[in-house]
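Trainee: I would like to learn how to read the interfaces in this entry. Please take me through them in order.

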There are 2 protein chains.
Amino acid sequence: MEKFEERTVSTKTIYEGKIITVELDDVILPDGKPAKRELVRHPGAVAIVPLLEDGRIVLVEQYRKALGKSMIEVPAGKLEPGEAPAVTARRELEEETGYACAELVHITTFATSPGFADEVVHMFAARGLTRIEEPAAGDEDEFVELHEATLEEAEAMMEDGRIFDAKTAFSLLWAKGQKTGR
Amino acid sequence: MEKFEERTVSTKTIYEGKIITVELDDVILPDGKPAKRELVRHPGAVAIVPLLEDGRIVLVEQYRKALGKSMIEVPAGKLEPGEAPAVTARRELEEETGYACAELVHITTFATSPGFADEVVHMFAARGLTRIEEPAAGDEDEFVELHEATLEEAEAMMEDGRIFDAKTAFSLLWAKGQKTGR
């Protein structure tokens, strides 16, 4: 039994989409009172911090409909059912950036929005990058542009709002820590 | 016009909940093809990194139904309509931890799940913490337990999975950077 656990009385599926499923749960709170919980189910994702030999980071720019703007982010993508996160990471790195990597190291895994969603993102660092002659194509509804930025350039992108997401903000702090040998 | 912008043809509201609204948009991609976008609308949130004089960080443990487990996180909460993020931050800090702060500084703002949600989290650092004799109560469906942890203790909580969310992972890296004067 988890601390302050909420017992599920019933689960109602509101929407089953291509990417997300929305549920409305009736729960019993630790004090015995009833409450409702709105939950978004998501398959989970990976994000990769691709580090070039000279210290630059490979980033991708894409339009994010939810936010209504283009954003520059570390490469990322959804897990396919049953797929190991490291496999997803190598696939997404190739599809989004055209790079293969010699070394792929798990940094951490975190939930992005624990208040309403079960999405977790597995973060990886990729080193030993080499360009693939004919990289696999990504999803046909994905349009991405590559940016290879120094840490300072990426920090400036965060200052001016072109970088604006949690996983990339985390990645830049992490890369800075690596650089200063913390 | 944003890069790779997707033109909205129609928006269908699938679900209007207490916290989230779910939309299904028909869009036209940059290459002229149609696509669908599943979007979760969220009011946005704040998170606070409360730093005690001795360097410990004030954290809160609560049950997260979406993940099915209790998690230790930096204090956080949803924006009320029209409320300035700094006001929300002081309110949530008081309700969740019983602390007031002399100094509240904006660190950054990021989107948590840009692939499907518009939720942004405004991150603040709170210093000059003093205990409030009779703190305002939080939401009646919220049960939280306080943890005051050194950075090393918090990093251990991340290692063993009790800390498992993006905003707290970011907060710990940020606090470490502050400590080492980066």
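Mentor: Start with the contact between the chains: 68 residues of chain B touch 68 residues of chain A, contact being heavy atoms within 4.5 Å. This is a predicted model, in which local features need pLDDT of at least 70 and side-chain atom pairs count only at pLDDT 80 or more, while totals for chains, interfaces and linings use all residues. Residues are numbered from 1 along each chain as its sequence is written, chains are lettered from A and ligands numbered from 1 in the order in which they are written, and side-chain values use heavy atoms, with hydrogens and water left out.

Trainee: How much area do chain B and chain A bury between them?

Mentor: Buried area is the accessible area (1.4 Å probe) that two parts lose on being put together, summed over both. For chain B and chain A that is about 6,000 Å², with 66% on carbon and sulfur atoms.

Trainee: How many salt bridges are there between chain B and chain A?

Mentor: A salt bridge is a side-chain nitrogen of Lys or Arg within 4 Å of a carboxyl oxygen of Asp or Glu. Eight are counted between chain B and chain A; one of them joins A:Lys3 and B:Glu61 at 3.5 Å, N to O.

Trainee: Which domains does the assignment give for chain A?

Mentor: Domain bounds come from an automatic or database domain assignment. In chain A they are domain 1 (7-41) and domain 2 (45-180), and 31 Å separate their centres, taken over C-alpha atoms. Six residues from domain 1 and five residues from domain 2 make the contact.

Trainee: What area is buried between domain 1 and domain 2 of chain A?

Mentor: About 400 Å², of which carbon and sulfur atoms give 49%. On the domain 1 side, A:Ile19, A:Val40 and A:Arg41 lose the most area, together 75% of what that side buries. The rule finds one salt bridge across this interface. The side chains of A:Arg41 and A:Asp118 meet in a salt bridge at 3.4 Å, N to O.
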